[in-house]
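Let's take a walk through this model together, one piece at a time.

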Amino acid sequence: MSTLERRTFLKTSAMAAATAAVSQRAGGAAAAPASDGIHWDKAPCRFCGTGCHVKVGVRDGKVVAIAGHPDAEVNKGLLCVKGYHVGGILYGEDRLKHPMLRRNGVLERISWDEAIDIAARKIMEAPERFAIYGSGQWTIPEGYAAQKLIKGGLSNNHIEPNARLCMASAVTGFISTYGVDEPAGCYDDLDACDVLILWGNNMSEMHPVLFSRFYDRKSRGEKITLIDLGTRRTRTTEFADHYMEFRPQSDLAIANCIAQQLIERDAWDKEFVEKHCAFRADADLTKPDLMGVAIDFENYKQRVAEYTPEKVSEISGLPVEQLRLLGDLFADPKVKITSTWCMGMNQHTRATAINRLVHGIHLLSGKFGSPGNAPTSLTGQPSACGTAREVGTLCHALPGGRLVAKPEHREQCEKHWNLPAGRINATPGHHTVLMWEKFCTPTAEGGDIRTILVQVTNPGQSLPNLHKLFRAKKGLDDKFLIVSDVYPTATTELADLVLPAALWVEKNGVFGNSERRTQQWFKQVEPPGEAREDVWMTIAIARRLYDLGHPGMKDKDGNFIFRFTDDAGNEVPVWEYDRFHEINVDRALYDDYRPLTFLKHKHLAPYDVLKEHTGLRWPVVEQSDGSFRETRFRFSEFDDPFVKKGNGIEFYHSTTNDGRAQIWFCPYEAHPEEPDEEFPFWLCTGRVLEHWHTGTMTMRVPQLRGAVPNNYVEIHPDDAREAGIGNGDKVVLATRRGELELSAWINGRGRPPRGSLFVPFFDQIRQINLLTLDAHCPISKEPDYKKCAARIRKA
Amino acid sequence: MSGVSRRDMFRVLLGRGREEVPQAPPAAPVASSGGDELALILDRFCLAWQGSFCSVCSERCPEPGAIVVEQGKPRVDPGKCTGCRVCHDVCPAPRNAVFLVARKARGGMIGKTVDETRPEEPDHE
């Protein structure tokens, strides 16, 4: 963009984020709205799982200013570059404004009535072959409505969030260790730890505000140590006290090496382990499952014994001294250690295993349950925890940590939803990779998914191995893809029906962030054109199914399953859009959902309490004076009201029903596609600071698009020299699944070691997921976007 | 609020913010005046200096070594800057943090900022 254009933009776009942000920080006063006609309200940021809270300034029906919320505990007024521009995502020029149907290959405008009717009829043709694919960007009420429609209404469990590609392995790690999902600690650990270990986690790029929160302690003279365990040098490495560069996949061996040293040095926390832990391993390594079998300490000790620093140094490439340093830190009872991770551990063909192992070393060393001692997974989406994990919009789950396979859980939901017994199907649906594989397989060849409704995500760019899992849909005439989105995307390119959606503060919402914090906001501006709320679409489709006579759309009293009433008790037909805003449907759905969170002690705050705060961390429990108190440290008596007095630590959802957490042994196993002669490089993919996910929102913000306009491949200078590649040269990157032309970036933002490449995935024009692998963790079913074999040549 | 208070978190930033005298951006010329100008990064507006993270100006700068990054914070090397304005055009900060100033100091621009970036130059002509 030229200077002139840019200046004009800055003047006219009026996204005067800085004015508020900078004046707040400079003056310290919480920006009271000046007499400039701007009305301020609050909302969590639309982007990542950090869950920063922003102040949203609206004038004349338009978001004109953004500021970091000074009272938000998460970000304390600070935002990252994306956050300062979050309002800009609403105003891209190509917002989808009207429903469209593909006729003769072309998307043509139709009415909402037609669109809802077509969607409902497609579902009605084969309800058991219908699937819903959403994301961790669904608000809690949106996910809950979709969940109720498909599982409670259609007796069908084919519902998945893109969180399957993101957080599923963290879930299986938490459940198989503690018996219940989500971190016990919270961001407060970053304020208290002595050592922060980042397990393949580039926090300053992906969760920058959290990293600032931690690192600012150093600026204040506190003695804190940052350990960057990674497979390439990143922005974060520059701040690390110790950079430990390991061979991809060998994190499994490194974690085991820490356990081996704790035992060999007799430095494990015997009191903690004897009181609170048990040992576990997979029964059959060729068929690992979620729960495994109990083993005793001797067996565990024997199995980790081979992971000596010397041996693990060979596997991982880490010097023995670095492995011993990790052993020293975990062995020192005075050192408070927090571990964080995100996609590096979760997108892994042995993802559940590495999650378990990192929990295991924290338990074995007793570095758990006090401020500063915690193994904490970070999420990449604003409501991966709140919606995907807590509402359970997964093919095997029901709301509140319940499972479709458990008769008592189905019964509880049927009762809560007033459905006839047996309505909910007991068989889990297809997980994400399988769902899209079946959708892209001809019906005659067993492709048993026929219609998919996609909401708030972009699988046409974010699925791995896109040729196989998405593009193969083209030409399959009986397959029908319905996509609700805000902009044209790689997914709408193949959509048969496109539904224009309201975005962020164009609707009410509730998100749940990485640290169990539930955050609420109200609609602040009107969506453009005919764009409407996703939750309305779900209810309208359900109502049309009801009208078409689908029996599942009625509860056992014959009422519509989405029956809402006004204060006087009269039913409000919210499926008629002009009546939709008569009541707060979000609130009604949230109130309906909230009691379901009590079973696993994930008590959410009441809506009225939530709206007064910048988020509260569950369990949020009512006090004797009627106030509600959040919980920062779960399972710890000093903070968690559900721990029995005198127990100190109690894992009250233990898989062994004895209050114990499981310390797992899982071996190091090689990756299924290691580099070889033909494809000699490791290829890793990921995000960049300026863009979020597939870039559909951030690429519409001129400042962010201008900052990083396209993706690239990072390569080591020696590898580049050998291949005759110069900085900025066009190169052809290839894997067994396809090839892609990109520009090379040598000594760029990230610096991969020799034999390693990195490519961001936000670029819609150069889609790296055409090349990635769909091999996945056998337990979480989450694919490995971080490793596959590749080759590169000058174009 | 537990742990780190907002005041603590921004103590460093606030200190700097208070020292700096607010100043309006210079009347930026529309096109590069080819070598007569010098880029300046105002820490007050720069995301990297303000406790967030950013490295776009140094990454996109076509002149090797003209923008140096230390501990995540960019600084213009006046000896290498050609005044090409790329850093200004790509700066994603909410208020553009890059200003182009005349290489030769003139009235109103001889404050601390110029001193910092041009230690080898005299304050006045």
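Predicted model: local features only at pLDDT ≥ 70, side-chain atom pairs only at ≥ 80, totals over all residues.

**A guided walk through the two chains**

Read from one end of its sequence to the other, chain B follows the pattern α-α-β-α-β-β-α-β-α. That comes to 5 helices and 4 strands. Of the 125 residues in chain B, 38% are buried. Among the contacts in chain B with a separation of 6 or more, 63% are between residues 24 or more positions apart.

Chain A has an average pLDDT of 94, and 96% of its residues score at least 70. One stretch calls for caution: over residues 1-33 of chain A, pLDDT stays under 50. The model has 63 contacts beyond four places in sequence for that stretch.

Now for the domains. The domain assignment divides chain A into domain 1 (14-91), domain 2 (100-157 + 405-595), domain 3 (168-378), domain 4 (601-652) and domain 5 (681-772). Taken over C-alpha atoms, the centres of domain 1 and domain 2 of chain A are 31 Å apart. Where these two meet, domain 1 of chain A supplies 16 residues and domain 2 of chain A supplies 14 residues. On the domain 1 side, the elements giving two or more residues are strand 1 (39-44), strand 2 (53-59) and strand 3 (62-68) of chain A. Strand 1 of chain A has the largest share of that side, with 4 residues.

What lies inside? The largest nonpolar core has 254 residues, and Ile254(A), Ile482(A), Val713(A) and Leu757(A) touch the most other members. Helix 22 (residues 534-547) of chain A gives the most to this core, namely 9 residues. A second, separate core has 6 residues, including Leu604(A), Ala605(A), Trp618(A) and Val620(A). In soluble globular proteins, nonpolar side chains tend to be buried together.

Next, find strand 9 (residues 225-230) of chain A. Why is this strand largely enclosed by the rest of the structure? Of its 6 residues, 5 are buried, so the strand has the rest of the structure around most of it. Strand 8 (residues 195-199) of chain A pairs with strand 9 of chain A in the parallel sense over 5 bridges, and in this pairing Leu196(A) has Leu226(A) as its bridge partner. Strand 9 of chain A also pairs with strand 10 (residues 242-245) of chain A, again in the parallel sense, over 4 bridges. Here Leu229(A) is the bridge partner of Met244(A).

Helix 9 (residues 208-219) of chain A is our next stop. Its 12 residues reach 16 Å from the first C-alpha to the last, close to the 16 Å expected at 1.5 Å a residue. Helix 9 of chain A is largely enclosed by the rest of the structure, because 10 of its 12 residues are buried. The buried residues run through Pro208(A), Val209(A), Leu210(A), Phe211(A) and Ser212(A), then Arg213(A), Phe214(A), Tyr215(A), Asp216(A) and Arg217(A). After helix 9 of chain A comes Gly221(A), whose phi is positive, near 85°.

Further along, strand 31 (residues 789-794) of chain A has two pairings to look at. Strand 26 (residues 681-686) of chain A pairs with strand 31 of chain A in the antiparallel sense over 2 bridges, and Trp682(A) stands opposite Ala789(A). Strand 28 (residues 730-735) of chain A also runs antiparallel to strand 31 of chain A, with 4 bridges joining them. In that pairing, Val732(A) has Arg793(A) as its bridge partner.

Let's finish at Gln662(A), found in strand 25 (residues 661-665) of chain A. Is Gln662(A) buried or exposed? With 25 other C-beta atoms within 10 Å, Gln662(A) counts as buried, since the cut-off for a buried residue is 20 or more. Leaving aside neighbours within four places in sequence, Gln662(A) is in contact with Ser176(A), Thr177(A), Ala278(A), Arg280(A) and Thr655(A). As for Gly153(A), 509 residues apart from Gln662(A) along the chain, the C-alpha atoms of these two residues are separated by 37 Å.

Conventions:
Residues numbered from 1 in each chain as written. Chains lettered and ligands numbered in written order. pLDDT = per-residue confidence, 0-100. Contact = placed C-beta atoms within 7 Å. Expected span 1.5 Å × (residues − 1). Pairing = 2+ DSSP bridges. Core = buried A, V, L, I, M, F, W, Y, C linked by C-beta atoms within 7 Å. Domains from an automatic or database assignment.
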